[in-house]
Amino acid sequence: MADPRRVEFGDFLRSRREKLSPKSVGLPTGQRRRTAGLRREEVAQLAGIGVDWYIRLEQGRTVSPSVTTVDALARALRLSKTEHAHLKDLARDGDRRPFTREVVPPPILRLVESLPHPAYITGRRWDVLAWNEAAEEIFAFGRLPEEDRNTLLLMMTNKKTRKSYGAGWADVAKRMVAMFRATHDVWAGDPAFAELLTRLREGSPEFVKWWGAHEVHGTMSGRKTMTHPTKGVLHFEHTSFQANDDPALKLVIYTPV
């Protein structure tokens, strides 16, 4: 059975290859092409590796590319720093232990509860594990079943969340999908992530479309505008921090603008 991480590695290579034109990498256009993007042999040529070897990589075969090969592919495919890092992550032999829901240590829990602005803790699967009163007033996590307390699930399938973002929903949601892609692919094949992916696909046609594009973005701070049913229009700057106690835990803070 194919290694899910290797399959994602191959899918990512193919998605980047199909986005490049011969002209963009200095190759002659030549005859009319049946499909957009570079041919496999052209990527292999640019990366300085064998065509058969590249095909095996793109097909998700159980082969382990060296760091040098990954770097060469990143250059050939004109990957961004974030995309290059993602390719490296997928090439590593990762932790094969099944995902388990994280537990927030008491000191971190007390810190979150003491913050005056909306703040919450998420885990690797983007489950919301803890939050303060200010966050409850905005997001109402406590009113949701535990299995629905997931930031991407809320963004993509919850009608109230979508409505609160108004015309800006698509931009925020699309970026979140690309950010989650970087996390998911490292855990590809894990039952907990597969279950979440199924719910997202069944609950959001936009998710299906954006997921197929295989875009990858890193975590970043920014601004969000939401409309609350009683508080009206709210403007926030949001940023996140990893916990030293457990890097899987992420503290997200929304500061009113």
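**Helix 11 and beyond**

Modeller: Helix 11 covers residues 191-203, 13 residues in total. From first C-alpha to last, helix 11 reaches 18 Å, close to the 18 Å expected at 1.5 Å a residue (the expected span is 1.5 Å times one less than the number of residues). Helices (H or I, at least four residues) and strands (E, at least two) are DSSP runs, numbered from the N terminus.

This is a predicted model: local features need pLDDT of at least 70 and side-chain atom pairs pLDDT 80 or more, while totals for chains, interfaces and linings use all residues. Residues are numbered from 1 along each chain as its sequence is written, and side-chain values use heavy atoms, with hydrogens and water left out.

Start with burial. A192, F193, L196, L197 and L200 are the buried residues of helix 11 (buried is under 20% relative accessible area, exposed over 50%, partly exposed in between; 1.4 Å probe, protein chains only). Their arc around the axis is only 135 degrees, so they sit on the same side of helix 11 (the arc is taken over directions from the helix axis to the C-beta atoms). P191 and E202 are exposed on the other side.

What does the buried side meet? Its residues pack against helix 8 (151-157), helix 10 (169-186) and helix 12 (205-212) (contact means heavy atoms within 4.5 Å). The N-terminal end of helix 11 is capped by D190. A side-chain oxygen of D190 lies 3.0 Å from the backbone nitrogen of A192 (a polar contact is an N or O pair within 3.5 Å, one able to donate a hydrogen and the other to accept it within protein; residues adjacent in sequence count only if both atoms are side-chain atoms).

A140 lies in the loop between helix 7 (133-139) and helix 8. A140 has a positive phi of about 55 degrees, although it is not a glycine. Most residues other than glycine have a negative phi. A140 counts as buried, at 18% relative accessibility. R78, not a glycine, also has a positive phi of about 55 degrees. R78 is in the loop between helix 4 (67-76) and helix 5 (81-91), and at 45% relative accessibility it counts as partly exposed.

Strand 5 is mostly covered, with 5 of its 7 residues buried. Strand 5 pairs with strand 1 over 4 bridges, and T122 has K250 as bridge partner. With strand 4 the count is 7 bridges, where H238 is partnered by Y254. P256, in strand 5, is partly exposed at 44% relative accessibility. P256 touches H117, H235 and F236, residues up to four places away in sequence not counted.

Note on methods:
Two strands pair if DSSP finds at least two bridges between them.
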